[in-house]
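Subject: Structure handover

Hello,

Please find the structure below, with its sequence. My notes on what was found in it follow.

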Amino acid sequence: MKTAIVIAGLGALGAQAVRIIQSNDDGWAESYIRTLNDALNEAGHDVVLSAPADNKSGSSSLDIPPSPRKQPCQYNSCPANSGPVGSDPKRPDLNWVNSFPVTSIRYGIDTFGPQMWDGEAPELAVTGPNVGTNLGIQVPFSGTVGAACYAAHDAGIPAIAFSGASEGNLPYTDPAPPRSLIYAELATILTDKIIEGGKPYLPDDVFLNVNFPEVQQGCNKVEDFKWVLSRITWGLLSPKDVTWCGEDRLPQENDVLKAGCYISVSVGDAKDKTTSNDVKKQQAVLTKIQDLLVCLP
């Protein structure tokens, strides 16, 4: 099985291999998801991808049984009349589902993953990177976020939703642009940091909503980017947040991305896709990733 292949060299990397289910809402053949898939596998993880056959952006938490395809998948990545679900003929760890992101990750959790992992369940869910941000009022409509929240709330699997401000949809068969490679490396850094802290990787019913700023002049190397703990919603009437950077109110993620080469990491409530206002859950995330974080200037 796949697990026996991917753990080679893991000790040198200093990371723990875990079973990761991966999805998005831009489609299984999109550059961002495939580049991250490569990076997570190279980091030693055992990754199964299960994503929509086509771009299903903005589909929130729709979950409809897949229907047989009549047309090819996006970018001609599967032939016409391919049935309701399918896999890369040479890579059974890469799967498509002819439905929405939540349906796709559900199939990955219930079917594709256990087939690859000798019946074992995924230990972590990673969605995206989304092509474009998912910030504030965008969050409830995002299929990338919807898939992560399904994993965290319905399936009980800790989940991280990644999104990137640099837009432009590309097939994975094109050479990966720098923005795709940078986002993949950054996402792997945070994923490994969450895993490094041991189980539970995240508190119950929590997902992380992570947004990368644009890759552009001044923000075009991995080391240019800094991580900031943030909120999805403003929280004007919410209880105090965990105390960090001398404040008891975390910055709103929109403000983080406006500040420059800063990545927002928001502690989300998987039940309703808003900020988790549970200070103990915020503290648990802060404890895990504190040495990655900086304060906004």
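Phe162 counts as buried, because its relative accessibility is 0% and the cut-off for buried is under 20%. Please keep in mind that this is a predicted model, and that the values here are computed from it.

Phe162 belongs to strand E6, which covers residues 159–164. In sequence, Phe162 is 36 residues away from Val126, yet their C-alpha atoms are 7.6 Å apart in space.

Lys240 and Lys90 give another pair to look at. They are separated by 150 residues in sequence, and by 51 Å from C-alpha to C-alpha. Lys240 sits in the loop that runs between strand E8 (226–230) and helix H7 (253–258). Is Lys240 buried or exposed? Its relative accessible area is 61%, so Lys240 is exposed.

Strand E1 consists of residues 19–23. Four of its five residues are buried, so E1 is largely enclosed by the rest of the structure.

Which strands pair with E1? One is strand E2, residues 46–52, which pairs with E1 in the parallel sense over four bridges. Another is strand E5, residues 124–131, which also runs parallel to E1 and is joined to it by four bridges. You can follow both pairings from Ile21: its bridge partner in E2 is Val48, and its bridge partner in E5 is Ala125.

There is also a helix to trace between E1 and E2. Helix H3 covers residues 31–42, and together E1, H3 and E2 make a right-handed β-α-β unit.

What the record says

UniProt lists residues 20–218 as "domain: Survival protein SurE-like phosphatase/nucleotidase", in an unreviewed entry. In the model, the chain over residues 20–218 is 30% helix and 22% strand.

Pockets

Pockets are found with a simple idea. Rolling a probe the size of a water molecule over the atoms shows where empty space is left.

The largest pocket has a volume of about 200 Å³. Its lining is made of 14 residues, and those that lie nearest its centre are Gly156, Ile157, Pro158, Leu202 and Asp204. By class, nine residues of this lining are nonpolar, one is polar and four are charged.

The second largest pocket holds about 160 Å³ of space. Two elements give two or more residues to its lining, namely H3 and strand E4 (91–97). Which element gives the most to this lining? H3 does, with five residues. Among the residues that line the second largest pocket are Ser31, Arg34, Thr35, Asn37 and Asp38. Others in the lining include Asp88, Arg91, Leu94, Tyr172 and Asp174. The classes in this lining are four nonpolar, three polar and five charged residues.

Backbone details

Where are cis peptide bonds found? One joins Gly128 and Pro129, with omega at about 0°. Pro129 lies in strand E5, which is one of the strands that pair with E1. Another cis peptide bond joins Lys199 and Pro200, with omega at about -5°. Pro200 is in the loop between helix H6 (178–196) and strand E7 (206–212).

For Tyr75, phi is about 55°. Tyr75 is in the loop between E2 and strand E3 (85–88). With a relative accessible area of 37%, Tyr75 is partly exposed, because that value falls between the cut-offs of 20% and 50%.

For Asp118, phi is about 50°. This residue is in the loop between helix H4 (101–116) and E5. Asp118 has 59% relative accessibility, so Asp118 counts as exposed.

Regards

Terms used:
Residues are numbered from 1 along each chain as its sequence is written. This is a predicted model: local features need pLDDT of at least 70, side-chain atom pairs count only at pLDDT 80 or more; totals for chains, interfaces and linings use all residues. Side-chain values use heavy atoms; hydrogens and water are left out. Buried means under 20% relative accessible area, exposed over 50%, partly exposed in between (1.4 Å probe, protein chains only). Two strands pair if DSSP finds at least two bridges between them. A crossover is right-handed if, with the strands pointing away from the viewer, the path from the first strand over the helix to the second runs clockwise. UniProt positions are given in the numbering used here, feature names are shortened, and annotations may be inferred rather than shown by experiment. On a 1 Å grid over the protein atoms alone, a cavity is a set of points where a 1.4 Å probe fits but cannot get out, and a pocket is an open set with protein on both sides within 12 Å along at least five of seven lines; lining residues have an atom within 4 Å of a point. Grid points are joined across faces, edges and corners, and a volume is the space filled by probe spheres set on the points. Ala, Val, Leu, Ile, Met, Phe, Trp, Tyr, Cys and Pro count as nonpolar, Asp, Glu, Lys and Arg as charged, and the others, Gly among them, as polar.
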